[in-house]
Amino acid sequence: MNADIDVVDREEVSRVYRRRLSSGRARLADVLGGHIEVASDGAWLTMSDGHRILNAGGYGVLITGARHPTVVAEVERQLHTHPMGTRIFLEPAAARAAEALMSVAPAGLERVHFSCSGAEATEAAIKLARLAGRRHLISMTGGYHGKTMGALSVTAKRAFQDPFRPLLPDVTHVPFGDVTALTAALERHPGEACVIVEPVQGEGGVHIPPSGYLSAVRAVCSEYGALLVVDEVQTGLGRLGAWWGCTAEGVRPDILLSGKALGGGIVPVAATVATEEVFGALNRDPVLHTSTFSAAPLGMAAVSGAIRAIKEDGLVERAAALGERLTPAFQRIVAARLPHHRCEVRGAGLLIGVDFADPALAADLLLALVANDIIANISLNSDHVVRFTPPATLTESDVDFLIDRFERAAAEVAANNPEVTDA
């Protein structure tokens with residue numbers, strides 16, 4: 001074991017989780033092997049017993065891998081000089097981060113409000129929409145935008161919503177990929193709607209819309225005077241093999257949401273990026289929407305480091321190339337190992353989903369992957385989809401390991417479920 005890693009009492013950690021944090025989390029950890037993660041580097045996690053597991057999950061945070069040296073250097077420098085601002089004076093780390101983000105943002109988006117999570121970024125977008133007179137929210141069935149009250153209102157999953165009702169009023173959900181349904185909803189609310197959409201639904205189960213969908217959404221929003229918010233918290237910054245999913249179809253939203261990878265896998269950071277016109281009210285009144293930790297210098301250093309690392313290491317292109325290898329490899333393995341288990345593999349860049357008709361098989365695959373030293377995630381809005389979001393820093397040996405262990409896990413699922421048929 002690495003001498004720099006503190007000795008951890010697994011039983012004590014589990015006990016504290018059960019008593020002070022979440023007993024549900026502790027029970028889930030036991031199901032997944034009772035591991036305690038204590039260190040990370042690149043694509044790899046180290047457990048308290050020294051065991052190493054390849055992290056192909058992480059909910060899309062680690063496009064740069066864990067502890068990327070460029071991000072670490074930026075954060076360390078800020079940590080040892082000025083980690084937290086007063087919010088009274090101007091501060092250069094925020095200015096650098098804003099310019100770095102604008103250097104890769106879609107053209108025409110010129111203003112940014114930084115926050116600490118994707119849900120907060122969604123909340124800011126909803127408030128900007130209201131300031132612009134768009135009080136009716138339209139989001140997509142299966143979409144995921146966070147679990148704070150406003151964000152939850154546009155996250156169309158009743159299991160998450162029902163315990164917290166009443167939520168925001170004036171919210172409509174329409175099927176993802178269905179422009180006709182969206183048009184009908186906009187016809188009922190001309191000039192007063194805000195549409196929130198993901199380029200690819202991540203937590204929805206890696207659902208990829210028909211070609212031309214986003215550009216059609218942009219067109220119909222313009223026709224009916226609706227604001228368009230594109231949520232790229234999970235899909236942006238290279239995850240799909242492009243800086244942003246919306247730019248692949250030449251779409252410029254009124255508001256773009258970013259997060260997860262924005263903090264370089266080190267500091268939680270998100271952003272609401274908007275046009276000059278939409279941002280106008282917040283531009284005029286700097287205390288109308290604020291947060292103590294918005295644009296905190298430590299997080300801003302992470303943003304600058306993350307964007308620099310993605311650029312310098314060519315991680316956008318690398319994500320595209322890796323996706324072109326991994327998705328077909330997973331498809332071949334599923335066809336060979338799980339031919340009768342009603343399973344489909346979908347992918348865009350390094351956002352890959354393995355979709356089972358039976359959620360129990362998805363759970364079996366997740367457990368088999370962990371047993372074979374691979375971390376993946378169950379999609380929060382689709383419990384039958386196992387989702388892979390590995391870093392774009394995977395080495396060739398990492399890729400070989402991931403493919404080999406995925407095949408082993410798939411073979412184990414097939415062996416444990418031999419009676420599944422196509423019927």
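User: Which backbone nitrogen does the side chain of N377 reach?
Analyst: In this predicted model, N377 has its place in strand β14, which covers residues 377–379. Beyond its neighbours up to four places away in sequence, N377 touches G57, G58, Y59, L366, V385, V386, R387 and T389. One of these contacts involves a backbone nitrogen, which the N377 side chain reaches at 3.2 Å: that of Y59.

User: Is N377 buried or exposed?
Analyst: A residue counts as buried under 20% relative accessible area and as exposed over 50%. The relative accessible area of N377 is 8%, so N377 is buried.

User: In what order do the strands of the open sheet that includes β14 lie?
Analyst: This open sheet has 4 strands, and their pairing is antiparallel. Strands β11 (343–348) and β14 each pair on one side only, which makes them the edge strands. From one strand to the next the twist averages 30°. The order is β11-β12-β15-β14.

User: Over how many bridges do β11 and β12 pair?
Analyst: Strand β12 covers residues 351–356 and pairs with β11 in the antiparallel sense. As an example of a bridge, C343 has F356 in β12 as its partner. The number of bridges between β11 and β12 is 6.

User: At what angle to β15 does helix α13 run?
Analyst: Helix α13 is made of residues 359–371 and lies across β12, β14 and β15. Strand β15 covers 382–388. The helix runs relative to β15 at about 30°.

User: Which residues touch the most other members of the largest nonpolar core?
Analyst: In soluble globular proteins, nonpolar side chains tend to be buried together. The largest nonpolar core here has 89 residues. Apart from it lies another core, of 19 residues, with A121, V154, V229 and L257 among them. In the core of 89, the residues touching the most other members are L101, F114, V195, V354 and F388.

User: What distance separates the end C-alpha atoms of helix α5?
Analyst: Helix α5 has 14 residues, 118–131, and at 1.5 Å a residue they should span 20 Å. The model agrees with that expectation, as its end C-alpha atoms are apart by 20 Å.

User: Which residue just after α5 takes a positive phi?
Analyst: Within α5, the buried residues include G118, A121, I126 and L128. Just after the helix, a positive phi of about 85° is taken by G133.

Key:
Residues numbered from 1 in each chain as written. Predicted model: local features only at pLDDT ≥ 70, side-chain atom pairs only at ≥ 80, totals over all residues. Heavy atoms only, no water. Helix = DSSP H or I, 4+ residues; strand = E, 2+ residues; numbered from the N terminus. Buried < 20%, exposed > 50% of the residue type's maximum accessible area, 1.4 Å probe, protein only. Polar contact = N/O pair within 3.5 Å; in protein donor to acceptor, adjacent residues only side chain to side chain. Contact = heavy atoms within 4.5 Å. Core = buried A, V, L, I, M, F, W, Y, C linked by side-chain atoms within 4.5 Å. Expected span 1.5 Å × (residues − 1). Pairing = 2+ DSSP bridges. Axes fitted to C-alpha atoms, helices over the stretch in contact; angles between N-to-C directions.
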